[in-house]
Amino acid sequence: MIIIEFLGKGSFGIVFKFEYQNNSYALKLNSNEIPAKLFERYKSLRSHKKLDKYFINIYCCGNINSEKFKYFSIMEFGG
C-alpha cells in the first residue's frame with residue numbers, strides 16, 4: 001500500500017488516496033462512522049436501484065488503534 005496524496009479533511013476525519021496492486025482506493029480515517037452502522041446504512045441505500053449510479057463501493061471498514069481516530073474505511077476512488 002502506497003499513500004499517493006492527501007485528499008481532504010472534515011470535522012470528523014481525513015481522506016487519503018492510496019494505491020494497492022496497481023489500483024487506486026480512498027482511505028478514510030474518522031471518529032464517528034461506527035463500522036457496523038456504516039455498512040447497515042450502505043446496504044439499505046444500495047438496495048434502491050435508482051440510487052445505484054451515485055454510489056462508490058465500500059470494500060471494508062473497521063476499528064483502528066489511534067488517539068485521534070477510531071475507525072477506518074477503504075472505498076473505491078472516485079477520482
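# Briefing: strands, cores and salt bridges

Strand β5 (residues 71-76) is largely enclosed by the rest of the structure, because 5 of its 6 residues are buried. Buried means under 20% relative accessible area, exposed means over 50%, and partly exposed lies in between (1.4 Å probe, protein chains only). This is a predicted model: local features need pLDDT of at least 70, side-chain atom pairs count only at pLDDT 80 or more, and totals for chains, interfaces and linings use all residues. Residues are numbered from 1 along each chain as its sequence is written, and side-chain values use heavy atoms, with hydrogens and water left out.

**Strand pairing**

- Strands (E, at least two residues) and helices (H or I, at least four) are DSSP runs, numbered from the N terminus.
- Two strands pair if DSSP finds at least two bridges between them.
- β5 runs antiparallel to strand β3 (residues 23-30), joined by 6 bridges. Here Tyr25 stands opposite Glu76.
- β5 also runs antiparallel to strand β4 (residues 58-63), with 5 bridges. Here Cys61 stands opposite Ser73.
- β1 and β2 are antiparallel and share 6 bridges. A hairpin of 3 residues connects β1 to β2. Ile2 has Glu19 of β2 as its bridge partner.
- β2 and β3 are antiparallel over 8 bridges. Phe18 faces Tyr25 of β3.
- The hairpin of β2 and β3 has 2 residues between the strands, and Gln21 takes a positive phi near 50 degrees there.

**Ser73 in β5**

- Ser73 lies in strand β5. Ser73 counts as buried, at 1% relative accessibility.
- Contact means heavy atoms within 4.5 Å. Leaving out residues up to four places away in sequence, Ser73 touches Ala26, Leu27, Lys28, Glu33, Leu38, Cys60 and Cys61.

**Nonpolar cores**

- A nonpolar core is a set of buried Ala, Val, Leu, Ile, Met, Phe, Trp, Tyr and Cys residues joined through side-chain atoms within 4.5 Å.
- The largest core has 9 residues: Ile14, Phe16, Phe18, Tyr25, Leu27, Leu29, Phe69, Phe72 and Ile74. β2 (13-20), β3 and β5 each give two or more residues to this core.
- Another core lies apart from it and has 6 residues, among them Leu38, Tyr42, Cys61 and Met75.
- In soluble globular proteins, nonpolar side chains tend to be buried together.
- Tyr25 touches Phe16, Lys17, Phe18, Tyr20, Tyr59, Ile74, Met75 and Phe77, not counting residues up to four places away in sequence.

**Salt bridges**

- A salt bridge is a side-chain nitrogen of Lys or Arg within 4 Å of a carboxyl oxygen of Asp or Glu. The structure holds 2 of them.
- Lys28 pairs with Glu33, with the closest N and O atoms 3.3 Å apart. Lys28 is partly exposed at 24% relative accessibility, whereas Glu33 is buried at 18%.
- Arg46 pairs with Asp52, with the closest N and O atoms 2.9 Å apart. Arg46 is partly exposed at 22%, and Asp52 is partly exposed at 32%.

**Surface patch**

- Met1, Ile3 and Tyr20 make a nonpolar surface patch of about 330 Å².
- Patches are made of residues with over 30% relative accessible area and no salt bridge; like charges are joined within 9 Å, nonpolar side chains (Val, Leu, Ile, Met, Phe, Trp, Tyr) within 5 Å. Accessible areas come from the Shrake-Rupley method with a 1.4 Å probe, and for residues only the protein chains shown count as cover.
- Met1 is found in the segment before β1 (2-9). Met1 is exposed, at 61% relative accessible area.
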